[in-house]
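Reader: I would like to go through some of the labels used for this model and ask what stands behind each of them.

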Amino acid sequence: MLDKKEIERIKKFALQIRIGAVEQFKARGFGHVGGSLSIADVLAVLYGSVMNVDPANPSKPDRDKLICSKGHAGPAVYATLALKGFFPYEELKTLNQPGTNLPSHCDRLKTRGIDMTTGSLGQGTSLAAGMALGDMLKGRKNNLFLIVGDGEANEGQVWEAAMFCAAKKLTNLVWIIDDNKKQLDGYTADILPGPPLTEKFKAFGFEALSVDGHDIEVLHTALTKKRCEKPLALILDTVKGKGVKEAEQTAANHSMAMSTEVYDRWLAELRSELAEFAD
């Protein structure tokens, strides 16, 4: 359980992740704003309190691993890794530029601290399942955390991977579903309506919980809960574009191209919030 000081520290970390993401979008002129900002809080909890990682030794065998299957949210992951010291913060401004180590989607061979290449939606779930099984067979006590988009969950491959995880009882792998209610073409409820994701994961043999994806204490409790014999799926109730009001209120906020002036305004708002935290 986190004390008040720890909660404040992680909230500050989440703000810094959002600032790092927006600085990348500003440098490039566009980017996957909505889905990057919606996972900043869970990344802050994971890398700020839960995960066993070492920036000086990013490939250590017993490390915890993150697989961001919704690879277009890479800017949020990159900001997190830079803030943790995996690579220089200034490198964030090279997002998706020629010769960059920070491509549009996460790439294990390019970016220090990325555990698996992702981007083709759905494929990260199968990769994570294989990685989790491999670590389990090797007797490792680490954990793996898989971030999946709610729109991405329209892919059949997601549910094939879910069946595999349940069948193999991969309790070392936590599925984190970013249920921000939107995808590239609109609202998920309009594009492919269906039963609630919590019910679907339970039907596939998971322990499934719906939690506030922006509440630091709730996220920490869910991510560190004692595991049962079933794999765990956390359905995060999130807001696409969270933390930047203009982005939150824009309907088409999956990918956004804004002027430098707009990005500067967003950064000013975020930095003003950051200044309210005591050092």
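Reader: What makes Arg-271 count as partly exposed?

Author: The model is predicted, with local features needing pLDDT of at least 70, side-chain atom pairs counting only at pLDDT 80 or more, and totals for chains, interfaces and linings using all residues. Residues are numbered from 1 along each chain as its sequence is written, and side-chain values use heavy atoms, leaving out hydrogens and water. Buried means under 20% relative accessible area and exposed over 50%, with partly exposed in between (1.4 Å probe, protein chains only); Arg-271 has 41% relative accessibility, so it counts as partly exposed.

Reader: Why is Glu-23 called buried?

Author: Its relative accessible area is 14%, and the cut-off for buried is under 20%, so Glu-23 is buried.

Reader: How do you know that Arg-271 and Glu-23 meet in a salt bridge?

Author: A salt bridge requires a side-chain nitrogen of Lys or Arg within 4 Å of a carboxyl oxygen of Asp or Glu, and for the side chains of Arg-271 and Glu-23 the N to O value is 2.4 Å.

Reader: Which salt bridge does Asp-237 make, and what parts does the pair tie together?

Author: The side chains of Asp-237 and Lys-181 meet at 2.6 Å, N to O, in a salt bridge. Asp-237 lies in strand 8 and Lys-181 in the loop between strand 4 and strand 5, so parts 56 residues apart in sequence are tied together.

Note on methods. Helix = DSSP H or I, 4+ residues; strand = E, 2+ residues; numbered from the N terminus.
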